[in-house]
Amino acid sequence: MASGQLSRAEALACAGCRHACHVMLYCDTRTQLFGRIPIRHVVLMQMRFDGLLGFPGGLVNPSEETLEAGLSRELSEELGVALPISVEDHVDSCHAPSSSSSSRQLITHFYVKKMEEEQIREVEKAAASTATDHGQEVLGMVRVPLYAMQGGDGGLASFLSHSFIGNARSQLIDSLLSLNLVSSAELQKALANSLKIHENAAEDLRAATETLLKLTCSGNKQFDPQQHNPAHA
Ligand SMILES: O=c1[nH]cnc2c1ncn2[C@H]1C[C@H](O)[C@@H](COP(=O)(O)OP(=O)(O)O)O1
């Protein structure tokens, strides 16, 4: 067992811990992007309310429900379908990085479930139409692009450079590797390109901040606070 990981029994024995369960739903596909780039697999993630990428799921109370029943309940809220999740779908449990929002330690339980392509399409449709969380806690489902394009920058590398909640990025990378959805060479290239994209994005953000400051300053020259403050009238 990798460091930081817990057995299911150890995790459930943790008194006072909070528990969250999330699942990676995926399928094989023969479809090709632009009729030439094999998509190979559809892997579902979601854009959360906080602007971060994560897997569907949420907090579960093991004193009231099993981890799997709790996960299935969360999925009906987020995806609009109550997918049955079983103990066999469980991949690992581990302590989440500590957060300032709660003093109680969080344990995250991760599951992986393989589905048929048609079932994945049904999930996507329901998530955007009947799911109660759509547009609120979940801003939308997204498919993870597993291919590389545009000299290696586009596709998986670009996707991995986004911001993820908790350990969701490593849950994705570990699963892609262990399920052989992407080779380790492809992943290494994607991660190396992702780091470069991240550095360029930091530059872009600095430039955008400077532009905003300049615009704010030039705007403020036209707006004379002395004239608009009743105390100076
Ligand atoms: O995809 C994830 N992978 C690992 N940890 C995650 C993921 N999504 C959320 N989390 C962590 C961080 C969150 O604070 C808790 C609770 O999850 P959340 O989905 O926000 O729970 P609720 O919908 O509010 O029940 O788990």
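Biologist: At 27% relative accessibility, how does Arg40 count?

Modeller: The idea is to sort residues by relative accessible area: buried is under 20%, exposed is over 50%, and partly exposed lies in between (1.4 Å probe, protein chains only). Arg40, at 27%, therefore counts as partly exposed. Bear in mind that this is a predicted model, in which local features need pLDDT of at least 70, side-chain atom pairs count only at pLDDT 80 or more, and totals for chains, interfaces and linings use all residues. Residues are numbered from 1 along each chain as its sequence is written, and side-chain values use heavy atoms, leaving out hydrogens and water.

Biologist: Where does Arg40 lie, and what is its phi?

Modeller: Helices (H or I, at least four residues) and strands (E, at least two) are DSSP runs, numbered from the N terminus. Arg40 sits in the loop between S4 and S5, and its phi is near 70°, a positive value in a residue other than glycine. Phe34 also has a positive phi, near 55°. Its place is the loop between strand S3 (32-33) and strand S4 (37-38), and with a relative accessible area of 60% Phe34 is exposed.

Biologist: Which residues is Met24 in contact with, leaving aside its neighbours within four places in sequence?

Modeller: Contact means heavy atoms within 4.5 Å. For Met24 the partners include Val43, Phe55, Phe110, Leu172 and Leu181. In H5, Leu172 is buried, as are Ala168, Gln171, Ile173, Ser175 and Leu176.

Biologist: Which residues around the ligand come nearest?

Modeller: A residue is near a molecule or strand if one of its heavy atoms lies within 4 Å of it. There are 17 residues around the ligand, and His22, Phe55, Leu59, Asn167 and Gln171 come nearest. For polar contacts, look for a pair of N or O atoms within 3.5 Å; within protein, one must be able to donate a hydrogen and the other to accept it, and residues adjacent in sequence count only if both atoms are side-chain atoms. A polar side-chain atom of Gln171 lies 2.7 Å from a nitrogen atom of the ligand. A backbone N or O atom of Leu59 is 2.9 Å from a ligand oxygen, and for a side-chain N or O atom of Arg48 the distance to a ligand oxygen is 3.1 Å.

Biologist: What polar contact does the side chain of His90 make?

Modeller: His90, in strand S8 (residues 90-95), makes a polar contact with the side chain of Ser93 at 2.8 Å. Not counting residues up to four places away in sequence, His90 touches Arg8, His109, Phe110 and Tyr111.
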